[in-house]
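Visitor: I would like to learn how to read a protein model, one feature at a time. Could you take me through it slowly?

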Amino acid sequence: ARPLYLDCDTGVDDALAIGYLLASPEVDLVGVGSVCGNVGAEQGAVNTLDLLALAGRRDVPVAVGAPEPLAGAFHGGAPGVHGRNGVGDVELPPSGARPAAQDAAELLLRLSHEHAGQLHVVAVGPLTNLALALRADPTLPARVREVTIMGGAALHPGNVSPVAEANIAVDPEAAAAVLAADWDVTLVPLDVTMENLLEEPDRDALLEAGTDLAPWLGQVLDLYFTFHEGTFGRRCSALHDPLAAAIAVGGVTATVAPRVHVAVDDTRGPGRGQTLCDLRGLYTGHPDQPGARCRVVLETDRPLAPHLLERLLT
Ligand code: BDR
Ligand code: CA
């Protein structure tokens with residue numbers, strides 16, 4: 001199994017991504033870092049530790065990451081989307097487990113040495129920890145096999161501003177640094193995550209599952225489903241983070257994913273947080289740009305929900 005480091009802001013859909021990765025034999029979750037985003041970094045780590053304990057995986061190290069973005073203060077999370085505690089205001093059984101002594105950037109750097117050339121980095125929160133790790137050691141990309149990021153919007157509207165997606169918007173400076181670094185990146189933007197939904201019967205199946213983690217995930221999804229009613233007109237949820245996880249694992253394959261230059265707007269204007277993906281090649285039938293390191297996923301081979309459920313229910 002391929003070693004995988006997850007960086008996240010747990011978070012309802014982050015919780016689904018964690019459950020999915022634990023159920024995926026293709027990968028070995030060797031560490032998790034938390035970052036401020038949906039909740040503060042400390043709370044994100046507590047949620048992650050609780051979920052890992054429920055899944056019987058107390059062995060996975062969890063490190064607290066950046067308490068605030070590179071520039072500016074933490075905005076206070078998204079209580080209306082993920083609940084005040086990040087897990088839909090459900091009280092998970094407290095694991096009592098403690099996070100690692102290192103911070104998330106240090107954990108990532110350590111794992112990059114332990115699994116040099118093999119480590120797959122999956123980031124489903126703001127990119128602050130990855131940027132801090134790059135700052136501390138610019139040779140990091142040489143030891144990382146691949147990076148998969150849930151973030152951005154290519155040809156799709158934003159979800160926190162007309163043009164910006166939440167993970168990029170929380171820390172555009174970090175996103176700019178991470179996307180400029182010399183590693184093999186796959187960006188999984190709103191263009192595909194908003195097309196992959198979980199529906200009420202799916203949540204019922206989770207609630208009724210005989211496994212330790214799935215019924216909790218079903219409960220955690222309740223508030224998130226209510227939030228999405230405003231967007232989709234019915235109770236359901238977008239599967240942002242688990243889609244990035246599934247593409248990283250190979251459970252879902254990107255079918256249209258041109259390699260293009262991606263710039264991040266880190267100005268203070270109305271475009272702040274926008275991912276400017278240079279997709280002009282789509283007009284000419286030559287979408288890849290020479291020298292570009294970032295694949296932008298625009299289409300996938302199959303819907304995520306049935307595959308995700310299959311893994312979460314067994
Ligand atoms: C992203 O923002 C967070 O709210 C979700 O967990 C996901 O990572 C979607 O824009
Ligand atoms: Ca997230």
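Guide: Let us begin with a term that we shall need throughout: helices, of at least four residues, and strands, of at least two, are DSSP runs that are numbered from the N terminus. In this model, which is predicted, A248 has its place in helix α12, residues 240–249.

Visitor: Is A248 buried or exposed, and how is that decided?

Guide: A residue counts as buried if 20 or more other C-beta atoms lie within 10 Å of its own. A248 has 30 other C-beta atoms within 10 Å, and therefore it is buried.

Visitor: Which residues is A248 in contact with, if I leave aside its neighbours within four places in sequence?

Guide: Those residues are L4, H120, V122 and T148. A248 and I149, moreover, are 99 residues apart in sequence, yet their C-alpha atoms are 9.1 Å apart in space.

Visitor: What do β1, α1 and β2 make together?

Guide: In a regular strand the side chains alternate between the two faces of the sheet. Here, strand β1 (residues 2–8) pairs with β2 in the parallel sense over 7 bridges, and L4 stands opposite L29 in β2. With helix α1, residues 12–22, these two strands make a right-handed β-α-β unit. Strands β2 and β3 pair in the parallel sense over 2 bridges, with G33 having A63 in β3 as its bridge partner. As for burial, 7 of the 8 residues of β2 (residues 27–34) are buried, so this strand is largely enclosed by the rest of the structure.

Visitor: How do the axes of α10 and α11 lie?

Guide: Two packed helices are described by the angle between their axes and the distance between the axes. The axes of α10 (residues 200–207) and α11 (residues 214–232) come within 7 Å and cross at roughly 145 degrees. Among the residues that make the contact are L206 of α10 and F225 of α11, and by class the contact has 7 nonpolar, 2 polar and 1 charged residues.

Technical notes
Residues are numbered from 1 along each chain as its sequence is written. Chains are lettered from A and ligands numbered from 1 in the order in which they are written. This is a predicted model: local features need pLDDT of at least 70, side-chain atom pairs count only at pLDDT 80 or more; totals for chains, interfaces and linings use all residues. A residue is buried if 20 or more other C-beta atoms lie within 10 Å of its own, exposed if 12 or fewer, and partly exposed in between; C-beta atoms are placed from the backbone. Two strands pair if DSSP finds at least two bridges between them. A crossover is right-handed if, with the strands pointing away from the viewer, the path from the first strand over the helix to the second runs clockwise. Axes are lines fitted to C-alpha atoms, for helices over the stretch in contact, and angles run from 0 to 180 degrees between N-to-C directions. Two residues are in contact if their C-beta atoms, placed from the backbone, lie within 7 Å. Ala, Val, Leu, Ile, Met, Phe, Trp, Tyr, Cys and Pro count as nonpolar, Asp, Glu, Lys and Arg as charged, and the others, Gly among them, as polar.
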